[in-house]
Amino acid sequence: MDGIRMTWTAHLTARAGVTPELEQDLRALLQAAYPQWAAFWAGTSFWGSEPEWHLWLAGPDGRPAAQLGCGRRVAEVGGQALTLMGVGGVATHPAVQGQGLGRQLLGELAAFLRAQALADFAFLQCREEVAPFYERSGLSRVPNPAHFLDPDEGEWVTNAGPTLILPVRRALGDWPPGTVGLRGLPW
């Protein structure tokens, strides 16, 4: 397909509106993107906190090629209550990685959040090796660790990051120092 540019269509689906077929497609995408955790993704399309929405990109076949889950929560950051839109389960199918889907997906998320003004900041934590991708896609790395209930261990843990944010209703300079207390499961 040299020289042919694929068109990807964005879909925002409330978790309550995820059909059994879409759930299976999201699971298959996550299994392909994260084969080391394929057994886990066979049973669910999210890790930790159940998302309010799934944002996904589809090609001409209508099936998800990239996706993320997101949901709101009031968290405590350095003693301040902030509404965060947590982001998790970010994945692009390996067959289409390197074609800009991840960047398009995060651009669609930013547009949705800014249009709806649903949170002060978008928030995610990730592995160090993928943090530069998120920074290139418009998120800002901050030094804050996050404190949350680990869904695998059932214990409260503090994770030093990387932590990335995207200003939505507030400016980047409004982000406070200190631990991000998620008050529950991560996304």
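R72 and E52 form a salt bridge (a side-chain nitrogen of Lys or Arg within 4 Å of a carboxyl oxygen of Asp or Glu), with their closest N and O atoms 2.8 Å apart. Because R72 belongs to strand 3 (residues 64-77) and E52 to the loop between helix 2 and strand 2, the pair ties together parts that are 20 residues apart in sequence. Helices (H or I, at least four residues) and strands (E, at least two) are DSSP runs, numbered from the N terminus. Both partners count as partly exposed, a class lying between buried (under 20% relative accessible area) and exposed (over 50%), with a 1.4 Å probe and protein chains only: the relative accessibility is 38% for R72 and 28% for E52.

The structure is a predicted model, in which local features need pLDDT of at least 70 and side-chain atom pairs count only at pLDDT 80 or more, whereas totals for chains, interfaces and linings use all residues. Residues are numbered from 1 along each chain as its sequence is written, and side-chain values use heavy atoms, with hydrogens and water left out.

A search of the whole structure returns 11 salt bridges. One of these joins R15 to E50, with 3.1 Å between the closest N and O atoms. R15 is located in the loop between strand 1 (9-14) and helix 1 (20-33), and E50 in the loop between helix 2 (38-41) and strand 2 (53-58), so this contact ties together parts that are 35 residues apart in sequence. R15 is buried, at a relative accessible area of 17%, while E50 is partly exposed at 47% relative accessibility. R15 and E50 also belong to a network of salt bridges that links them with E23 and R27.

A further salt bridge is formed by R141 and E135, whose closest N and O atoms are 3.5 Å apart. R141 is partly exposed, with a relative accessible area of 35%, and E135 is likewise partly exposed, with a value of 35%.

Helix 3 comprises 16 residues (101-116) and should span 22 Å at 1.5 Å a residue, which agrees with the 22 Å between its end C-alpha atoms; the expected span is 1.5 Å times one less than the number of residues. The buried residues of this helix are L101, G102, L105, L106, L109, A110, F112 and L113. In an α-helix there are 3.6 residues a turn, so residues three or four places apart point the same way. Helix 3 is followed by A117, which has a positive phi, near 50°.
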